[in-house]
Amino acid sequence: MTKEISISKKLEERVKELSCLYEVSSAIRKHSDSVSETLEEICSITKRAWLFPEHAIVQLEFEDYNIFTSTIPVNSVFQQSNIMLFNESKGVIKVYYNTDKLANAHFLEEEQKLLNKIAIEISEFFERRENVKKEELLKRSAERNDRLSILGEITAGIAHELNTPLGNILGFAELIKSSTKENQTQKDSEKIIKAAIYSRDIVKKLMFFACEMPHHREVIQIKPIIDQALNLLTPNLQKARISYNFTIDDPALEAQIDTIQLTQVLFNILINAIYVSPVGSLINIEVSSYTDHFILEIKDEGPGIPEHLKSKIFQPFFSTKPVGEGSGLGLSVVHGIIKSHHGEIITFDNTPTGTVFQIKLPLKL
């Protein structure tokens, strides 16, 4: 008779286990768009499946979620199972008994197995959600890349078409300036020349932004490249009445770099730094070398970048300069060059004021 009761009890527990898992699966399907509702129902289902459901208290923790079926008692016993996310423990589900109310509180071996299965169901629920997010991000990324590719082709075509008329404008303006002695005509010609040169510079940046430019990367010393860029920009610094300080911990530092492209990076960032720096301020250029990479930091003492603009500064055609003073392509070109060198570029606030552009580049590609 006792054996029959034991078999009957085991069968009852088995039915309860299967019912519990079915209900958990149903809850996941029913509330697939609401994580909190899903987890709350799973906790309620789990509570009902235990040997003493009226005394069982279920807690489920996962990242920002922390759900209880009731208050956790001070004096208690519990069993638990970890909730994994791609083989990493991210949470836990626990079942408690209040030992003050249930003197003979204990758990069955089958209940631990059931709790483990519930934890697996929860883990798979969150993994599916993460996979959906990743698929959506990949889809958006692919769509964005397609749009950028089309934009690149259009931009390259426009830039190519503009080169010829700009060359003609520049040539004729220089011819008019050299062939006339009338003061106003010379001034007007000079304005045309400056505007044409500015437009041609934008076209060059457009072509660089739009096309995969050829690279000529060779192992070369970094210090001479920076020295040359600073020497070329000395008139700009003097005109703005700004000084600079250049330090490098290893003057013999070498890296596999495209010299022209690194110079363009330095020019774009330094010209921006000069533009925003107040009279009498200092621009610091610091290079630190490491085992497999080096870090270049350019620090100005300007007003800094407003928080709401920090995420936009590397976007093409974004500029805070007045119309006619900036194309909005300089920093996007910088970003493209650094990425093509397998590097990273970030910005953060300088102390006490200003902006730091930090560039991390590998020594060898």
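The chat below goes through confidence, packing and aromatic pairs.

Me: What's the mean pLDDT here?
Reply: This is a predicted model, and the mean pLDDT of the protein chain is 84, with 82% of its residues at 70 or more.

Me: Where does pLDDT stay under 50?
Reply: Over residues 1–5, and the model gives that stretch zero contacts beyond four places in sequence.

Me: OK, packing. How many residues are in the largest nonpolar core?
Reply: It has 40 residues, and those with the most contacts inside it include Ile226, Leu266, Ile269 and Phe294.

Me: Which element gives the largest share?
Reply: H7, with seven residues.

Me: And what does Ile269 touch, leaving aside its neighbours within four places in sequence?
Reply: Ile298, Leu331, Val334, Ile345, Phe357 and Ile359. Another core, of 33 residues, lies apart from that one, and Ala105, Ile118, Ile122 and Phe125 are among its members.

Me: Switching to rings. How many aromatic pairs are there?
Reply: Five. In one of them, Phe78 and Tyr96 have ring centres 5.3 Å apart and planes at 45°, so that pair is tilted.

Me: Are those two buried or exposed?
Reply: Phe78 is partly exposed at 42% relative accessible area, while Tyr96 is buried at 7%.

Me: What lies over the face of Phe78?
Reply: Lys94, at 4.8 Å from the ring centre.

Me: Why is the Tyr97 and Phe107 pair called stacked?
Reply: Because the planes are at 15°, with the ring centres 4.8 Å apart. Ring pairs also link Phe52 with Tyr97 and Phe107 into a cluster.

Key. Residues are numbered from 1 along each chain as its sequence is written. This is a predicted model: local features need pLDDT of at least 70, side-chain atom pairs count only at pLDDT 80 or more; totals for chains, interfaces and linings use all residues. Side-chain values use heavy atoms; hydrogens and water are left out. pLDDT is the predictor's confidence in each residue, from 0 to 100. Contact means heavy atoms within 4.5 Å. A nonpolar core is a set of buried Ala, Val, Leu, Ile, Met, Phe, Trp, Tyr and Cys residues joined through side-chain atoms within 4.5 Å. Buried means under 20% relative accessible area, exposed over 50%, partly exposed in between (1.4 Å probe, protein chains only). Helices (H or I, at least four residues) and strands (E, at least two) are DSSP runs, numbered from the N terminus. Rings of Phe, Tyr and Trp (its six-membered ring) pair if their centres lie within 6.5 Å; planes under 30 degrees apart count as stacked, over 60 as edge-to-face and the rest as tilted. A charge sits over a ring if NZ of Lys or CZ of Arg is within 6 Å of the ring centre and within 35 degrees of the ring normal.
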